[in-house]
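Please read them with the model open.

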Amino acid sequence: DGSGQTLSPITISGASVTLTGFTLNNGTGTALVDDDGGSVTIGGGLAALNTPNLEINACAIANNTAQYGGGMAILAAGSLSITDTWVFYNEAETSGGGVYLDESDSVLQGVDITENNATYGGGLALVNQTTTIDDLDLSDNEATQDGGGLYVQALEYNTEITNSEVFRNEVGNTGGGLFLSAGRFITTDVDWGAASDTNSPNDIGGQVSITELSGNLDISAGN
């Protein structure tokens, strides 16, 4: 519990770590110097930088805040695995309300990301990395700008998502379910919602928005 601290409940730097069964809440992020010499906060519940190998299993991450990665932010992990983990009620001022992953080749399996909010990527933001996702519940998240459920900016990288549900995410601008800024996005058996479960706005742009010519989208055997 990070209540009353200006820190993430867990901060990891430069070490290989396995986290199992942790509850991480009420954190306000770890300060990080940005490229302009200023300071930003990352990973309200969990912040990890330059970890050779990071495994997160059966954790609950809730009610945290930060500028990037309200629930968790993982930067420059050599290998990242997140399984059977719940991320909910987190808030990011900028990107990745639930989860923010940057330059961390990742596998997500059985993860629930619900009721988080941010400016970009209300539920999940992926930046400059290869990501493989299976059995994801990405629902009821909100972005005030783009990518209510998922925001992807991954030029020259692939994002692949299978057997997942992307429901009832809302956005102020475009990409209710997915906003793909750059990269290749491949889906198989992903339910993007229907009727009352749809993402908002309820149009093609609301479900998926592509903004750059480098953003390729392959959808197979999905809805």
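The points below go from the whole chain to single residues.

1. Basis. This is a predicted model, in which local features need pLDDT of at least 70, side-chain atom pairs count only at pLDDT 80 or more, and totals for chains, interfaces and linings use all residues. Residues are numbered from 1 along each chain as its sequence is written, and side-chain values use heavy atoms, with hydrogens and water left out.

2. Overall make-up. The chain has 1 helix and 26 strands. Helices (H or I, at least four residues) and strands (E, at least two) are DSSP runs, numbered from the N terminus. Of the 223 residues, 52% are buried. Buried means under 20% relative accessible area, exposed over 50%, and partly exposed in between (1.4 Å probe, protein chains only). Take the contacts between residues at least 6 apart in sequence: 79% join residues at least 24 apart. A contact means heavy atoms within 4.5 Å.

3. Strand 7. This strand covers residues 54-57. Leu54 and Ile56 form its covered face, while Glu55 and Asn57 form the uncovered one. In a regular strand the side chains alternate between the two faces of the sheet. Strand 7 pairs with strand 2 (residues 17-20) in the parallel sense, over 4 bridges. Pairing requires at least two DSSP bridges between the strands. Strand 11 (residues 80-83) also runs parallel to strand 7, joined by 4 bridges. Asn57 stands opposite Thr20, and its bridge partner in strand 11 is Thr83.

4. Ser104. Is this residue buried or exposed? Ser104 counts as buried because its relative accessibility is 0%. Ser104 sits in the loop between strand 14 (99-102) and strand 15 (106-109). Its side chain reaches the backbone oxygen of Asp102 at 3.1 Å. Leaving out residues up to four places away in sequence, Ser104 touches Ile74, Leu75, Ala76, Ala77, Gln129 and Thr130. Thr51 is 53 residues from Ser104 in sequence, yet the C-alpha atoms are 9.0 Å apart.

5. Thr162. This residue is in strand 22. Thr162 counts as buried because its relative accessibility is 18%. Its side chain makes a polar contact of 2.7 Å with the side chain of Asp134. A polar contact is a pair of N or O atoms within 3.5 Å; within protein, one must be able to donate a hydrogen and the other to accept it, and residues adjacent in sequence count only if both atoms are side-chain atoms. Beyond four places in sequence, Thr162 touches Ile133, Asp134, Asp135, Thr188, Asp189 and Val190.

6. Positive phi. Most residues other than glycine have a negative phi. Asn163, in strand 22 (residues 150-167), has a positive phi near 50°. Asn163 is partly exposed, at 44% relative accessible area. Asn128 also has a positive phi, of about 55°. Asn128 lies in the loop between strand 18 (124-127) and strand 19 (131-134) and is partly exposed, at 29%.

7. Largest pocket. Its lining includes Leu32, Val33, Tyr68, Leu75, Tyr100 and Asp102. Strand 4 (30-33), strand 5 (39-42) and strand 14 each supply at least two lining residues. On a 1 Å grid over the protein atoms alone, a pocket is an open set of points where a 1.4 Å probe fits, with protein on both sides within 12 Å along at least five of seven lines; lining residues have an atom within 4 Å of a point.
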